[in-house]
Amino acid sequence: MTGINVAIPKSIDETLELLEKWGPDAAIIAGGTDLVVELKDKLKSWKALIDIGCVPEVRGIREADSNHVWIGAMSTHAEIASSTLVRDTAPVLANACAQVGSPQIRNRGTIGGNISTASPAGDTIPALFVLEASVEIIGPKGTRIVPIESFFQGPKKSVLAPCEMVLGVRIPKLDKEYISFFRKLGQRKSLAISIVSVAFVAKCQGPGLFTDVRVAFGAVAPTVIRARTVENAICGKQLDPKTAEYVSKLAFRDCVPITDVRGSKGYREQMACNLLYEGLLSLLSCSEAC
Ligand SMILES: Cc1cc2nc3c(=O)[nH]c(=O)nc-3n(C[C@H](O)[C@H](O)[C@H](O)COP(=O)(O)OP(=O)(O)OC[C@H]3O[C@@H](n4cnc5c(N)ncnc54)[C@H](O)[C@@H]3O)c2cc1C
């Protein structure tokens, strides 16, 4: 890693100037948990790294207004998982962040890095999909807000232009009638990238009865996907363990996985259905209290 310039800007304006100066020869470094692996394995090389750890504008977790929470790009998975505001208003995201990597990875890895890497296996992304979050992007032309579903263009590809960066994410708050879960399957319990993940949010109308159903799967398509066939099958229907098993099998229709080192196409399809079924069964018992 010798010969790389490292800049530590103190403001967003300084960061944008550096991005413009270096162009594609520079990369932003946040926690470094993805980027340093790429450098070490010589998958990519840059002339400069721009460390955004001292930029105040990308830090913090707060109420943006009475209906939204704002999470700065530099917020770590550990900070998000332990934030009372996130746990109360977007528990599915706190839950997903709590399942990333290991304590060390959660203490360094950031939500901005997880989104910008644009991996279909990024664990915060299915949670952000079901929360219908937006990504706040800043660049030379100012700020733009992109719905999370429109941010990704393929594996490791996003709408971020070379001189732009992620400032934060804006999340509509869920009220207390909403119920949610995030589940992932990895090769082991910790330090495992997801083979399949699923995030679920819905309004609980009574035992086994859900509306405003939102389901997203990770690692089963070139980007994270919303499973709209499954959502329509659950919305407004009375679920019991048998119908939950039936609707979970519909995940086959929404998922288009590939075979890779972590799992075959067929295994991923089956596991997507199983993860959803497990999650729905756990919700059925919680929804008794709705
Ligand atoms: C051992 C190990 C286990 C892991 N386990 C998991 C896991 O279980 N789940 C999971 O989802 N991920 C996992 N990861 C991947 C990684 O930890 C996460 O994706 C993490 O959130 C990346 O954040 P970071 O701050 O470290 O990003 P960095 O490595 O600093 O950056 C990643 C990429 O994003 C860009 N970037 C960073 N911040 C911004 C920004 N604000 N604006 C624009 N571009 C930006 C960088 O230029 C770089 O291209 C694991 C990684 C390792 C090494």
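**Close-up views of a predicted model**

**View 1. The largest nonpolar core.** The largest nonpolar core holds 54 residues. Val 58, Ile 71, Leu 93, Leu 128 and Ile 171 have the most contacts inside this core. The structure shown is a predicted model. Ile 171 touches Asn 67, His 68, Val 69, Ile 71, Ala 90, Leu 93, Leu 128, Leu 131 and Ala 133, when residues up to four places away in sequence are left out. A second, separate core has 34 residues, among them Ile 225, Leu 239, Ala 244 and Leu 284. In soluble globular proteins, nonpolar side chains tend to be buried together.

**View 2. Division of the chain into domains.** The protein chain is split into domain 1 (5–53), domain 2 (56–172) and domain 3 (178–289). Between the C-alpha centres of domain 1 and domain 3 the distance is 36 Å.

View 3. Thr 89 belongs to helix α4, which covers residues 84–89. With a relative accessible area of 11%, Thr 89 is buried, because the limit for a buried residue is under 20%. Leaving aside residues up to four places away in sequence, Thr 89 touches Val 69, Lys 173 and Leu 174.

**View 4. Cysteines without a disulfide.** The model has zero disulfides. Cys 235 is in no disulfide, and the nearest cysteine sulfur, that of Cys 204, is 12 Å away. Cys 235 is partly exposed, at a relative accessible area of 33%. For Cys 273, the closest cysteine sulfur is in Cys 255, at 6.8 Å. A disulfide requires the two sulfur atoms to be within 2.5 Å, so the sulfur of Cys 273 is too far from that of Cys 255 for a bond. Cys 273 counts as buried, with 4% relative accessibility.

Notes: Residues numbered from 1 in each chain as written. Predicted model: local features only at pLDDT ≥ 70, side-chain atom pairs only at ≥ 80, totals over all residues. Heavy atoms only, no water. Buried < 20%, exposed > 50% of the residue type's maximum accessible area, 1.4 Å probe, protein only. Core = buried A, V, L, I, M, F, W, Y, C linked by side-chain atoms within 4.5 Å. Contact = heavy atoms within 4.5 Å. Domains from an automatic or database assignment. Helix = DSSP H or I, 4+ residues; strand = E, 2+ residues; numbered from the N terminus.
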